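Grab your viewer and work through them step by step.

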Amino acid sequence: MFIIVTIISVLGLLFGITFNRFRKSTDVRKEFSGATLFGYFAWLFSQTSTQIKTFDIKRLWTLLENNVMKLHTTGERRIFMCLGLSFLFLATSGFLSALLSSRRLYGLPLLVHVSVGGLFAISLFLALFLRAREYRLDTENSDPKDASTNQRRIPESRPFKEKILFWSYFIGGFFLILTALMMLLPLFSFDAQLDIFEVHRYSALVALLSGMAFIDTALRNEGK
Amino acid sequence: MKRITLFFLILTSLGQLSFAVSQDEQIKPPWDGNRATPVHQIPLKDEFDQIVIPTESYPLPFSSRYTCEPCHDYTIIQQGLHFNMNSATPNDRTGEPWIWVDPKTGTILPLSYRNWENIWNPRDLGLTPWKFSLLFGRHMLGGGVNEPEDDEVGPDSRWDVSGKIEINCMGCHNASRMQSHSEWAKQILRHNFRWAATAASGLGEVKGMASRLPGTWDIFDGPNPDDTEWAVVPSVQYNSGSFDSKHRVFFDISYKPDDQRCLACHSVSQVQVKKFTTDADVHTRAGLKCVDCHRNDLSHNMIRGNEGEAEELQNPEIADFSCKGCHLGNEMANEVGTISGRLGAPYPRHRGIPAVHFERLSCTVCHAGPLPDKEFTRVRTSRANRLGIYGIAQWFTEMPHIIEPVFIRDESGKITPHRLMWPAFWGRLEGEKIIPLKPSDILAASEGILDAEESIARILIALSMDPEIEGVPVLVSSEKVFTLNVDGELETAPLADKELDKEILWALKKEDQLFPLVPDFDPNAEEQDADIETQIQNTLEALASISDAPGKPVMLYKEAMYQIVDGYLEKRDWKEESVTAPRFCWWDDIQIKPLVSEFHMRTILATIGLEQTLTEEQVEMMLKSLASAEDTPEAGPSSQFFYVSCGKLFQIDKTGKLKATEHEAADPITWPLGHQIRPARQSLGIKGCIECHKAKSAFFFNKVEGVGPLKTQQKAVHSNISFMGMDKPYQKLFGLSFTIRPLFKIILFVSALLIASLLLIVFLLALGRSSGLIEKGR
């Protein structure tokens with residue numbers, strides 16, 4: 001069940017993100033028709049082949065630096081790098097074993113997965129501590145179209161969609177840490193442990209989906 | 001008229017037929033539903049289906065087949081687990097094999113008619129049902145190989161003399177405390193097969209020994225009035241008080257056998273542990289009997305209770321009686337599954353145990369057998385070590401050396417605790433094929449090699465036959481005193497009086513003091529002490545009674561030789577060497593030989609008091625002897641003899657020396673253990689994860705060293721982790737990670753707490769703003 005939900009949700013999100021970009025880049029009308037779909041796949045194919053042909057790690061790093069790194073201090077950059085890389089590793093190791101193996105994560109990958117989980121927990125808290133203020137839900141939401149182009153100044157508030165995605169990611173991350181901790185403690189019965197493990201997996205999926213959507217949204221908003 | 005007659009004839013025949021059919025149905029009725037056990041006040045029948053009348057002059061022993069069969073189909077019961085060993089076809093789960101132990105040849109050979117890996121089929125060794133029954137009938141229930149078909153009897157068998165061992169129904173179902181397994185074993189060992197059940201049940205007293213009867217005797221010959229001392233024909237004297245006026249006897253039958261009946265053959269006990277400290281299985285303490293789980297119907301195909309048995313036998317009902325079935329519910333029974341809790345089985349919550357343990361480990365890893373410790377636990381089992389047979393002599397054996405728990409990944413992929421034993425046997429290599437040799441084949445080629453103990457024992461026995469001897473003859477050598485025990489075996493004790501420690505000294509033990517066999521005297525004196533001369537003569541005459549001696553007995557002292565010539569003690573000069581103390585030897589008119597050869601003394605000194613009975617020197621000599629024997633069956637140039645012990649295979653190499661190699665024939669034998677089950681509070685892991693998961697845990701890293709009858713430093717060593725098929729460096733690393741696990745939990749806890757606090761603050765602020773309690777920020 002989890003595998004099916006994961007595949008459908010991830011593919012669905014990727015479709016949504018890319019279709020949205022396709023619509024905005026080609027001024028396609030909003031209705032969903034066969035011609036639109038055909039056009040979308042053609043656009044996707046051409047975009048993908050262009051990106052593969054022109055792929056350059058330096059260019060990617062420059063993009064990252066200009067749009068993300070320069071907006072933060074050195075310490076913040078390290079925290080976000082830590083968070084990003086640890087989450088990337090945890091997601092890769094976790095989802096690959098879930099999707100491709102009949103047996104759960106085990107052996108050395110499991111040992112590293114759990115160890116990196118500790119790093120993820122610390123960096124998640126620090127990232128939230130640093131960024132919670134600008135994503136607080138009790139302030140007015142900014143208009144993405146009015147976002148400042150000053151690269152050094154972070155806007156004090158974020159668009160509502162970004163806020164929701166931000167908090168979804170951190171709530172998912174919180175439940176990841178909480179369920180990992182619960183599974184380490186000698187408090188829960190075997191049946192409860194199975195349920196906790198399921199919560200852990202679905203929390204990871206929520207975090208992954210909201211993380212992907214957040215990055216897409218934030219990058220688009222920064223681009224404006 | 002003829003038609004009417006014919007009609008009535010047909011009618012009568014049909015009536016008789018239906019009557020006969022209904023009689024058959026009445027004789028073996030199905031269970032009517034009454035849960036009480038019927039009172040078994042029934043006549044005894046002998047093997048000729050005749051009622052036993054106890055007051056007859058020579059009543060025969062009762063036959064289980066004919067006594068019980070009127071109500072219980074014997075042929076169906078014969079297919080049961082305890083009786084079908086030589087006809088069972090499926091390769092079922094490995095169990096404890098029969099172990100053929102012969103200390104003299106250093107043989108510890110696992111045998112089974114079932115198709116189990118690394119365990120030898122008795123047929124392949126040339127073991128007939130007769131010989132198998134003699135070896136192991138002491139702990140068998142009869143039937144099967146003990147009750148062979150007539151075409152299975154061989155020239156060496158004496159089934160006509162002893163009778164066949166029928167299924168001993170009373171061996172399990174007798175609730176009377178008079179049922180004696182020890183008596184059963186003794187009757188079997190006396191070859192009183194047809195009498196064993198009668199004697200063991202306590203219904204009658206059995207005298208005589210079929211083993212002493214000539215091979216031509218059979219039951220129709222009856223008793224021999226001319227021999228009432230030695231070859232006494234077995235006879236039964238029934239307790240006439242147990243019979244009523246109709247010659248019926250009351251059988252105290254239990255439908256569900258008492259645990260005592262099972263434990264007679266299925267006891268397992270730790271060595272060097274006192275009986276009063278041992279705990280019963282937790283299920284027994286809870287009031288369950290063995291047969292509450294190990295059930296069967298009339299077929300006696302008992303449920304073994306291991307996981308996977310129901311799937312293997314395609315019988316969902318028996319899944320109820322595995323650990324999982326009782327405690328967690330039977331998922332196989334139907335799609336929905338049945339609820340757990342049968343027989344009051346508690347539902348285990350298994351708090352804090354990651355789910356992977358239940359996928360990789362069987363229930364018995366944590367709950368059965370002794371807890372893993374620095375050393376493996378050595379145990380004895382009824383069938384391997386001959387437990388439960390009581391008498392003046394010691395019946396149980398130290399070998400085979402069985403240890404537990406060894407954790408092994410079984411066929412289902414789950415780690416399961418096992419018992420482990422190292423085989424030891426002589427054999428022949430024909431290319432890649434291993435052919436074990438029987439102890440009798442080894443003994444035939446072992447003259448002068450394997451009889452070190454006997455060579456000393458026969459001298460001590462001969463000396464003790466001297467009617468005028470005062471004291472117990474002993475041998476003193478290397479600060480040890482060798483004496484004979486009641487079983488005719490050598491025992492050793494440390495020498496207290498160091499002054500008596502000569503190279504080899506034959507002495508007498510009187511009231512804990514040792515005296516030389518012949519005290520010091522002057523052989524050159526003109527008049528000799530008559531007592532000393534008498535002592536010398538008596539000793540020489542005692543030694544002369546030994547058959548197969550390598551010469552005639554003489555005594556050397558200083559420059560004199562004393563010998564018996566024509567019944568008189570004769571002294572002659574002995575110039576070859578001057579002997580400083582009286583020394584008894586063999587003299588074959590050419591050379592002097594010691595009473596006990598240096599080889600034998602060396603062997604005895606190396607092995608006495610130890611479980612090991614062979615030295616490498618003996619093995620080397622034995623292998624050379626086997627290779628040179630001309631009448632060894634099927635010996636050819638391509639045959640190479642070997643000896644397996646301690647996990648190694650020993651052969652003679654090209655230089656003529658003994659070499660040890662690894663070979664699968666030397667691999668240990670293992671079988672799963674299921675008992676004793678410990679309560680939950682004593683399960684493995686109750687103290688925490690580090691019971692198993694640490695860098696030096698006994699569970700993973702305990703080493704099993706080869707053990708056997710051979711005294712050698714060349715032994716195989718395996719570790720638990722190699723049996724489990726797991727990666728040692730990873731498990732060590734994983735074990736180390738548990739040292740920082742508490743810190744890791746603290747990090748996770750603090751992080752989760754802080755994140756939760758921030759989330760709560762944000763949530764409360766949002767709630768406050770939206771409710772208007774807090775002004776919206778800009």
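**Exercise 1.** Work out the handedness with which α5(A) passes α25(B), then describe the packing.

Solution. Step 1: α5(A) passes α25(B) in a left-handed crossing, meaning the near helix is turned anticlockwise from the far one by less than a right angle (clockwise would be right-handed). Helices here are DSSP runs of H or I with at least four residues, and strands are E runs of at least two, numbered from the N terminus.

Step 1: helix α5 (residues 107-131) of chain A and helix α25 (residues 741-771) of chain B have axes 9 Å apart, at an angle of about 30 degrees. Axes are lines fitted to C-alpha atoms, for helices over the stretch in contact, and angles run from 0 to 180 degrees between N-to-C directions. That makes α5(A) roughly parallel to α25(B) (angles under 35 degrees).

Step 2: contact (heavy atoms within 4.5 Å) involves, among others, Gly117(A), Gly118(A) and Phe125(A) from α5(A), plus Leu748(B) and Ser751(B) from α25(B).

The model is predicted: local features need pLDDT of at least 70, side-chain atom pairs count only at pLDDT 80 or more, and totals for chains, interfaces and linings use all residues. Residues count from 1 along each chain as its sequence is written, chains are lettered from A and ligands numbered from 1 in written order, and side-chain values use heavy atoms, leaving out hydrogens and water.

**Exercise 2.** Find the strand order of the open sheet in chain B.

Solution. Step 1: the order is β15-β14-β13-β16-β17, with antiparallel pairing (a pair needs at least two DSSP bridges).

Step 1: the edges are β15 (490-494) and β17 (513-516) of chain B.

Conventions: Parallel < 35°, antiparallel > 145°, perpendicular 65-115°, else oblique.
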